[in-house]
Protein chains: 2
Amino acid sequence: MKEYLLTAGPTPVPERILLAMAAPMLYHRAPAFMECLKETTEGLKWLFQTKQLVLQLAGSGTAAMDAAVCNFLSKGDRALVVRGGKFGERWGKICQAYGVDCTFIDVEWGRSVDPQLVKQSLDKDPSIKAVYATASETSTGVKHDLEGIARVVRGRDGVLLCVDAITAIGVFDVPMDDWGLDVVCLGSQKALMLPPGLAMIAASEKAWAANAKATLPRFYLDLLREKKSQEKSETAFTPAVSLIVGLRESLRMLREETLEGVWARHDRLAKATRSAAGGLGLELFSSSPTNAITAIRVPGGIDGSAVVRTMKNRYGITIAGGQDHLKGKIVRIAHIGYFSEFDIVTAISGLEMTLSDLGYGIKPGSGVAAAQASFAQTRTSP
Amino acid sequence: MKEYLLTAGPTPVPERILLAMAAPMLYHRAPAFMECLKETTEGLKWLFQTKQLVLQLAGSGTAAMDAAVCNFLSKGDRALVVRGGKFGERWGKICQAYGVDCTFIDVEWGRSVDPQLVKQSLDKDPSIKAVYATASETSTGVKHDLEGIARVVRGRDGVLLCVDAITAIGVFDVPMDDWGLDVVCLGSQKALMLPPGLAMIAASEKAWAANAKATLPRFYLDLLREKKSQEKSETAFTPAVSLIVGLRESLRMLREETLEGVWARHDRLAKATRSAAGGLGLELFSSSPTNAITAIRVPGGIDGSAVVRTMKNRYGITIAGGQDHLKGKIVRIAHIGYFSEFDIVTAISGLEMTLSDLGYGIKPGSGVAAAQASFAQTRTSP
């Protein structure tokens, strides 16, 4: 059966990148690889919209999140953690693993945090040294108001804003330097359209100053050691050569499309997916949807896990279901990464056929029609 | 110019593996990937010669080494570290980064450690909780007497033997369970012939018992969390999917060759390389050479860096030079990974031509002739 991957990471890898990665291996200390690392470093600065070095680490996105804690805090430091999904919770778990004293802002899953809550927490407790936030919460399909959070954190001397931007950068505008974000994390298997295994992280000057005083132990994830190496187009340890070669190709593709073009593409596909849900009479789970992934409430009487299973087994389409208490209650259709109009049509069409199979009365084609109407509205080329 | 990669990692990646990794991306939570992870887990048990689960982490080999410290010790614990090269030194740096109190056995670079020194240190200080050792020291081309070290550590209740086997497993016999090794680390870009970016680590029951009491902080590198996931053919965080798909192919290739066949291949190539050095009248750097890489002393009056540079720029052959105080004094020719007789012939022939170019009087062909003679002696097929 022909397979269609429509999850929010790993996402499909373009043929251009697969071929680039299949080239003969490079020695990481030889000029050809150093040239490659130089190009990806420059490209990542462009993608992160920062003047800072964006460090490339062999690891999952979670490696970057771990590094965002252990490089900037000391044991017993206080942190403010915004939670409202699996990835917000992960920030809390990392902080607690390192003995960081956490204050939590718990947001109902599906909703975005009110930046005023962040402001109130910071006003109330001036000992807080860092805020850990999620730009786009993949588990719930929520886009948080990162710009608003940045506005209330920026300008506080002793407070860092550390952001999981893993499903945000390359999806919508996250201008690191303009918003004054201090630590920004990314993973390779999202908008960069690469296989998983490469983590990226950038830090502001304020964050580097905090790093000098941060005493949590670190070795493999020691960002200062990496910075000293990557400034010279070297790496502290053997890098994930094939993924970095793939990253070079990915960044070339994104540059051809332009940042604005990349964001517009995600916006078009996300809008059409949301319209399609409406066309099928289904509800979105999130009141503040992200352009990375669309979470749709499964209608009453239908088991969401059966939807995911049927789409996969009968139609070869892999989408994600809900996690934890959302298991069986939502399905998630991704549009982050290497997707185009007809991938969305495929997902929606498969969803229609699946809902019919499961005995839920929908009008076949009504979701696809709504997606098409949305595409017609947002089309920019002639 | 046609390029020849003869370094000790990354090593060349076989076409079969490159093609396997270029297949469409798999979702890490779908059955097809879980089947793959199950097969690589079984294959790694075979390769490590252990009944324990071999955990697969997205990261460099150093990630496994870091995990071998932070998962098994607490701050202030005492460790015995054997140093005699860059990688032995790395154990010390990792321990020190975590506040582990180190006793060092410093071995002259190029020599292997006498296991009796390990025994004496352990007898003298019963508070030592772990010994950190290197099976094959890539920076000096030394094979340490790991079996001897294991003999003096094994049976001491409170002491773990943690081994960097990154250029040992798949090169020569390192029977984890038989020798009673407690923690064993491996990286993908060595005998497994994969790109870098995947770390592997296994722990004995004794090590898992120590893990339960070890309080050093860890999150991304938390092995217990990975164990609980990988026992179910899942991973705690998004795995390096393409590298694990490549690993499946690599393990299939190694199984076809058999463990004994893989070790014999490395032995044949290493012996021929050492014979070739002798044939050229050059000295080996190591008095206890590893079959992973051969370190050859650069003859007096010749700059080793010029040898490496000339081989690369004039002949397209990438070999490694010396590091730190060995810079310019040795060259290192690898035979770990995807190499065969004529790769060694290429390296030796390139070395002969380079030495002639640099004005050092050798008899052209004398190294290659010695390699051929060695191959003739060790040939097993008709």
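Predicted model: local features only at pLDDT ≥ 70, side-chain atom pairs only at ≥ 80, totals over all residues.
## A threonine in a loop

Two residues are in contact when heavy atoms of each come within 4.5 Å of the other. T11(A) sits in the loop that runs between β1 (4-5) and α1 (15-21) of chain A. Setting aside neighbours within four places in sequence, T11(A) is in contact with L5(A), Q189(A), K190(A), M193(A), I336(A), G337(A), Y338(A) and F339(A), and also with M25(B).

Is T11(A) buried or exposed? With a relative accessibility of 0%, T11(A) counts as buried, because the cut-off for buried is under 20%.

## The nonpolar core

The largest nonpolar core takes in 280 residues. F48(A), Y132(A), F48(B) and Y132(B) are the ones with the most contacts inside that core. Take F48(A) and leave out residues up to four places away in sequence: F48(A) then touches V54(A), I169(A), V174(A), P175(A), M176(A), V184(A), L186(A), M200(A) and A202(A).

## A strand covered on both faces

Now for β8 of chain A, residues 160-164. Five of its five residues are buried, so β8(A) is largely enclosed by the rest of the structure. Both faces are covered. On one side you'll find L160(A), C162(A) and D164(A), and on the other L161(A) and V163(A), all of them buried.

Which strands pair with β8(A)? One is β5 (residues 128-134) of chain A, which pairs with β8(A) in the parallel sense over five bridges. Here Y132(A) has C162(A) as its bridge partner, and Y132(A) is also one of the residues with the most contacts inside the largest core. Another is β9 (residues 183-187) of chain A, again parallel, over three bridges. In that pairing D164(A) stands opposite C185(A).

Over in chain B, three strands make an open sheet in the order β11-β14-β13, with antiparallel pairing. β11 (293-297) and β13 (320-321) of chain B are at the edges with a single partner strand each, so one side of each is left without a neighbour in the sheet. Strands of a sheet pair through backbone hydrogen bonds, whether parallel or antiparallel.

β11(B) and β14 (residues 330-334) of chain B are joined by five bridges. Within this antiparallel pair, A295(B) stands opposite R332(B).

## Two domains in chain A

Chain A splits into domain 1 (15-256) and domain 2 (259-378). Their C-alpha centres are 28 Å apart. The contact draws on 27 residues from domain 1 of chain A and 24 residues from domain 2 of chain A.

Together the two domains of chain A bury about 2,100 Å², with 62% of that on carbon and sulfur atoms. On the domain 1 side, W109(A), G141(A) and V171(A) supply 25% of the area buried against domain 2 of chain A, more than any other three residues. The interface between these domains has one salt bridge. K86(A) also forms a salt bridge with D324(A), whose closest N and O atoms are 3.6 Å apart.

## Where the chains meet

How many residues of each chain are in contact with the other? It's 46 residues of chain B with 46 residues of chain A. The area buried between chain B and chain A is about 3,600 Å², and carbon and sulfur atoms give 71% of it. As for salt bridges between chain B and chain A, the count is zero.

## Salt bridges

Side chains of opposite charge can pair when their charged atoms come close. Over all chains, the count comes to 45 salt bridges. One joins R78(A) and D101(A), with the closest N and O atoms 2.7 Å apart. This pair links distant parts of the chain, 23 residues apart: R78(A) is in β3 (residues 78-83) and D101(A) in β4 (residues 101-106) of chain A. R78(A) counts as partly exposed at 23% relative accessibility, as does D101(A) at 37%.

In chain B, the side chains of E42(B) and K45(B) meet in a salt bridge (3.6 Å, N to O). They are three residues apart in helix α2 (residues 31-48) of chain B, so about one helical turn separates them. E42(B) counts as partly exposed at 42% relative accessibility.

D222(B) pairs with R225(B) in a salt bridge, the closest N and O atoms being 3.5 Å apart. D222(B) counts as buried at 14% relative accessibility, whereas R225(B), at 28%, counts as partly exposed. Back in chain A, salt bridges that share partners join R16(A), E39(A), E249(A), R252(A) and E256(A) into one network.

Methods:
Residues numbered from 1 in each chain as written. Chains lettered and ligands numbered in written order. Heavy atoms only, no water. Core = buried A, V, L, I, M, F, W, Y, C linked by side-chain atoms within 4.5 Å. Buried < 20%, exposed > 50% of the residue type's maximum accessible area, 1.4 Å probe, protein only. Pairing = 2+ DSSP bridges. Helix = DSSP H or I, 4+ residues; strand = E, 2+ residues; numbered from the N terminus. Domains from an automatic or database assignment. Buried area = accessible area lost by both parts, 1.4 Å probe. Salt bridge = Lys/Arg side-chain N within 4 Å of Asp/Glu carboxyl O.
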